[in-house]
Amino acid sequence: AQRPLRRLPSLIVRSVALLWAAARRPFVVSAALQALAGLGIAAQVLVGRHMLAQVLSAHASFAAIAPALAAFLVVTALVAFANVGRVEQQRLLSELVASHATDKVLEVATSAPLIAFETPGFHDRLERAKTNAVVRPVHVANGVIGMCSSGFAVVGIGVALFVMQPVF
């Protein structure tokens with residue numbers, strides 16, 4: 001159980017290196033959209049708290065609540081757009097990573113001597129490598145993006161809670 005945990009940091013570093021090599025720009029755009037969504041969640045919590053305080057105040061009127069409600073709706077729309085953009089970037093990133101990995105498999109295969117293609121063992125390994133080049137890098141890309149997204153969300157909520165109540 002401890003051995004896979006020890007390997008996790010190196011696997012994450014190698015995964016990020018793969019993403020960087022395969023699709024640098026989409027990776028950066030995806031990370032930026034994730035950060036924006038994380039900050040948006042923090043803003044939603046803070047604006048929601050302010051809006052709730054306005055509703056619960058003794059002088060609650062729609063005119064008093066309207067600015068906070070408008071701010072909450074704008075922040076919610078921004079978070080939704082950031083998430084849609086992030087999903088699209090994730091799809092693009094997955095395709096580019098799979099293509100990059102497939103190219104690497106083909107580079108190795110073309111450097112093998114022709115006689116190797118006649119052996120069933122080589123052919124089986126090549127087929128497994130081609131199949132895994134399409135599937136596994138996509139899982140790696142999705143996993144790294146999911147970890148980043150969750151990390152940004154946790155930081156955003158943590159910042160919001162700290163601003164609201166530093167004791168938390």
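Predicted model: local features only at pLDDT ≥ 70, side-chain atom pairs only at ≥ 80, totals over all residues.

Trainee: Okay, which helix does Q34 lie in?

Mentor: Q34 sits in helix α2, which covers residues 24-56.

Trainee: And is Q34 buried or exposed?

Mentor: Buried: its relative accessible area is 2%, and the cut-off for buried is under 20%.

Trainee: What does Q34 touch, not counting residues up to four places away in sequence?

Mentor: With those left out, Q34 touches R86, I145, C148, S149 and F152.

Trainee: Next one: where is Q89?

Mentor: Q89 is in helix α3, residues 62-111. Q89 counts as buried too, at 18% relative accessibility.

Trainee: Which residues is Q89 in contact with, leaving aside neighbours within four places in sequence?

Mentor: Those are P26, V29, S30 and L33.

Trainee: Switching topic, how many aromatic pairs are there in the whole structure?

Mentor: A search turns up two. One is W20 with F27, an edge-to-face pair at 6.4 Å centre to centre and 85° between the planes.

Trainee: How accessible are those two, W20 and F27?

Mentor: W20 is partly exposed, with 37% relative accessible area, while F27 is buried at 12%.

Trainee: Then why is the pair of F117 and F122 called edge-to-face?

Mentor: Because their planes are at 75°, and over 60 degrees counts as edge-to-face. The ring centres of F117 and F122 are 4.9 Å apart.

Trainee: Is F122 buried or exposed?

Mentor: F122 counts as buried, at 16% relative accessibility, whereas F117 is partly exposed at 32%.

Key. Residues numbered from 1 in each chain as written. Heavy atoms only, no water. Helix = DSSP H or I, 4+ residues; strand = E, 2+ residues; numbered from the N terminus. Buried < 20%, exposed > 50% of the residue type's maximum accessible area, 1.4 Å probe, protein only. Contact = heavy atoms within 4.5 Å. Phe/Tyr/Trp six-rings, centres within 6.5 Å; stacked < 30°, edge-to-face > 60°.
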